[in-house]
Amino acid sequence: MSEVLDSYPLLLRGAWTTVQITVYGAVFALVLALAFGLAGTARGRLLRAVNRIYVEFFRGVAALVLMYWFFYALPLLGLRFTPIAAAVLAIGLNYGAYGAEVVRGSVEAVPRAQWEAACALNFTAAQRMRRVLLPQATALMLPPFGNLLIELMKATAGVSLVSIADLTFRAKQIQASTGQTAATFAVILVMYFVIAQALQVLVRIAERRTARMLGRGLPPRRSPAAAPAGEAVLP
Amino acid sequence: MNWDWNYTGKLIPDLLDGLRVTVTATLLGYLIALALGLVWTLLRRSPNPLVHQTVRWVTEFVRSTPLLVQLFFLFYVLPSWGITLGALTAGIVGLGLHYSTYTAEVYRAGIEDVPRGQWEAATALNLPRRRVWAGVVLPQAVRRVVPSLGNYLIALFKDTPFLFGITVTELLGSAFDEGAHTLKYLEPITVAGLFFIAVSVVSSLALRRLEKHYATH
Amino acid sequence: MPPTDLTSPAEPVPGKAAPGKAAGALPGGGGAASARTPCGITFEQVVKRFGDNVVLDHLDFAVGAGERVTLIGPSGSGKTTILRLLMTLERPDGGVIRVGDDPLWHMERGGKLVKAGEKHLHEMRKRIGMVFQQFNLFPNMNVLRNLTEGPVHVLGLSRDEAVERARGLLELVGLADKEDAHPTRLSGGQQQRVAIARALAMEPTVLLLDEVTSALDPELVVGVQDLLRDIARSTDVTMLCVTHEMGFARDISDRVLMFDQGRIIEEGPPGTIFEEPREERTRAFLRAVLAS
């Protein structure tokens, strides 16, 4: 065990890479989720079709397969990414598709009366979305986004298979050099758990702020184990 | 570099073998997830706080850590404790364990969603405890959980490529091995990706029909 | 109250602010209510269907500029649909609606009426305001922002101007101390008064009131009704009102239209309709409403 803990600089560097890929991937996924999710709420048929194709395609393919494809297949077509870029691209595209469904569902779940009131105040379509629907939909998006963020973080462990030196990759290195298999994997499982709990705290703070903005009481606090992870994979 | 159709054609049988492994792992893993999830749910209803708190944190731990690392643990650590699992078996157990923490949540939510009034009505009729569960609570809960359980089947399927990390030659693994032979990765990995999309899209369509069925009946 | 200028009553005068008028009539109500010349409304052969259900069947009627008209009748008789068509929340299946001289859902092109686009609707909506049964305040904004959001982003007022206007209106509706409050923290009656102020902040020439007191607890109804009476007395905004409160209808309206199955079966001044209705169905309806 002490040999494993002695290699903590390596583990911390790995954890930092994991956090970085998680954050970049989450930001990219969020941008995609908003763009394609809002396209899905549009009245135009073309935009809605764009939403469907993106969601069905990238939700259907596994993140790891996408990562391999960006990493091994695309360079043969002359498209070359740095390993981290390939990983972020794959993870972002995959989780952006889940996020787009969350965005679309949340915007559609804002009561129609709010849309009507905005219409009666003569807001343009863009103003209705930006000033009325989206702020209210945000409160609905945050809990499922929180679950997706944890799922995304877990998926980043796959990058170790394409030789990115994340936490899992470092663990395999340490395991190989020390032979301390059980201790190494136990330590990084705990580290992943800590990262996940930290992410959950951040999401809960955001939830609390939006709830206050909407003048609601705090959302019923979910016990850590009771997070409705089900929403994370809802098609 | 251009797409080589000839090569693609030759790949298909091997990739189908990989797909067979993937589907086997999915179905067996899912069975474990369904059964083990029920165990977690029942243990969490235990009146003993030590039991339900332990279960709560164990499931939370398993659910918020990466499947890949859990697979490593099962595959590389257990042998030193005297339990040696084949790669595929370790993979199936890992998938089942990981997803059991999700199905447990689904069961729990399904049971909690049964309105209080139903429990009270059953008590008012003085039904025995067994009848309350078998006749009142579970039939109503099942209707609520089927769509979510279906979603987790698809999610589990899409997590099977992680088994490649512990040397299982499932769909991604067989595609990668093909590519490693010829150094032509484009065709095998693309075809493997399309297989994944095809299976998930078809299953989510089937699931949506199932959902409609359960919504109306 | 007569209009202050003699331009065609159907011609809205954009940007013609006359804060003194409303302020004089309503103590403390600086810049309240409509400052524009009111518009009339005409329905010509208007048809509205929901699926197979014909809600409005070739409906014709007109409301004069500055007139206060109440629509009564059993539920499902198409009253609310009329307001929703005017607010462009529903699209008519036939006929022409005019607000002022201009068709609401159409544009004149080469002497013919063609379906209008969003731009035209945006222009037309400037003349119309609506208060909803369920208030529909924006929960993501405090009371003041609810009132300033439209004036700033739609009318192009500066924030200071909008805030000044909003404060005047909050004083008018008796909620000057609530500007920082969150809508959900207010009682139903207070929310509805904010919603009325929000509609007035856009200075509409036509105000649509859709069962504005039916979601309120009985003891809160009077406050909202008194406010609307004040507004009716002190401004010249055209009002179209759907209500089940017959006493209120009598106080506020110049004319009452009795609807049944998408048609007007009787109309007249409130005194006539309520004291000596001609139609048996009107009598039956009034008996039923008064009994409840």
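Contact here means that heavy atoms lie within 4.5 Å of each other, and the views below show a predicted model.

**View 1. Surroundings of F43(C) in the largest nonpolar core.** Leaving aside its neighbours within four places in sequence, F43(C) is in contact with L59(C), D60(C), F61(C), I82(C), L85(C), L86(C), V96(C) and I97(C). The largest nonpolar core holds 155 residues, and those touching the most other members are Y68(A), F43(C), L71(C), I82(C), L86(C), L208(C) and L240(C). Another core lies apart from this one; it has 37 residues, among them L169(C), I231(C), A232(C) and F248(C).

**View 2. The interface of chain B and chain A.** Chain B brings 46 residues to this contact, and chain A brings 49 residues. The area buried between the two chains is about 4200 Å², and carbon and sulfur atoms give 73% of that area. The interface has one salt bridge, in which R208(B) pairs with E56(A), with 3.4 Å between the closest N and O atoms. Ten residue pairs are in polar contact between chain B and chain A, counting pairs with both residues at pLDDT 80 or more.

**View 3. The side of chain B that touches chain A.** At least two residues of this side come from each of helix 2 (49–63), helix 3 (67–77), helix 4 (87–113), helix 6 (129–159), helix 7 (171–182) and helix 8 (186–216) of chain B. Helix 8 of chain B gives the largest share, ten residues. Sorted by class, the side of chain B that touches chain A has 26 nonpolar, eleven polar and nine charged residues.

**View 4. The interface of chain A and chain C.** Here 23 residues from chain A meet 25 residues from chain C, and the two chains bury about 2100 Å² between them, with 55% of it on carbon and sulfur atoms. L121(A), N122(A) and R131(A) together supply 30% of the area that chain A buries against chain C, more than any other three residues.

**View 5. The side of chain A that touches chain C.** Across this interface, twelve residue pairs are in polar contact, both residues being at pLDDT 80 or more. Helix 6 (112–120), helix 7 (125–155) and helix 9 (181–213) of chain A each supply at least two residues of the side that touches chain C, and the largest share, nine residues, comes from helix 6 of chain A. By class, this side of chain A is made up of twelve nonpolar, six polar and five charged residues.

Terms used: Residues are numbered from 1 along each chain as its sequence is written. Chains are lettered from A and ligands numbered from 1 in the order in which they are written. This is a predicted model: local features need pLDDT of at least 70, side-chain atom pairs count only at pLDDT 80 or more; totals for chains, interfaces and linings use all residues. Side-chain values use heavy atoms; hydrogens and water are left out. Buried area is the accessible area (1.4 Å probe) that two parts lose on being put together, summed over both. A polar contact is a pair of N or O atoms within 3.5 Å; within protein, one must be able to donate a hydrogen and the other to accept it, and residues adjacent in sequence count only if both atoms are side-chain atoms. Helices (H or I, at least four residues) and strands (E, at least two) are DSSP runs, numbered from the N terminus. Ala, Val, Leu, Ile, Met, Phe, Trp, Tyr, Cys and Pro count as nonpolar, Asp, Glu, Lys and Arg as charged, and the others, Gly among them, as polar. A nonpolar core is a set of buried Ala, Val, Leu, Ile, Met, Phe, Trp, Tyr and Cys residues joined through side-chain atoms within 4.5 Å. Buried means under 20% relative accessible area, exposed over 50%, partly exposed in between (1.4 Å probe, protein chains only). A salt bridge is a side-chain nitrogen of Lys or Arg within 4 Å of a carboxyl oxygen of Asp or Glu.
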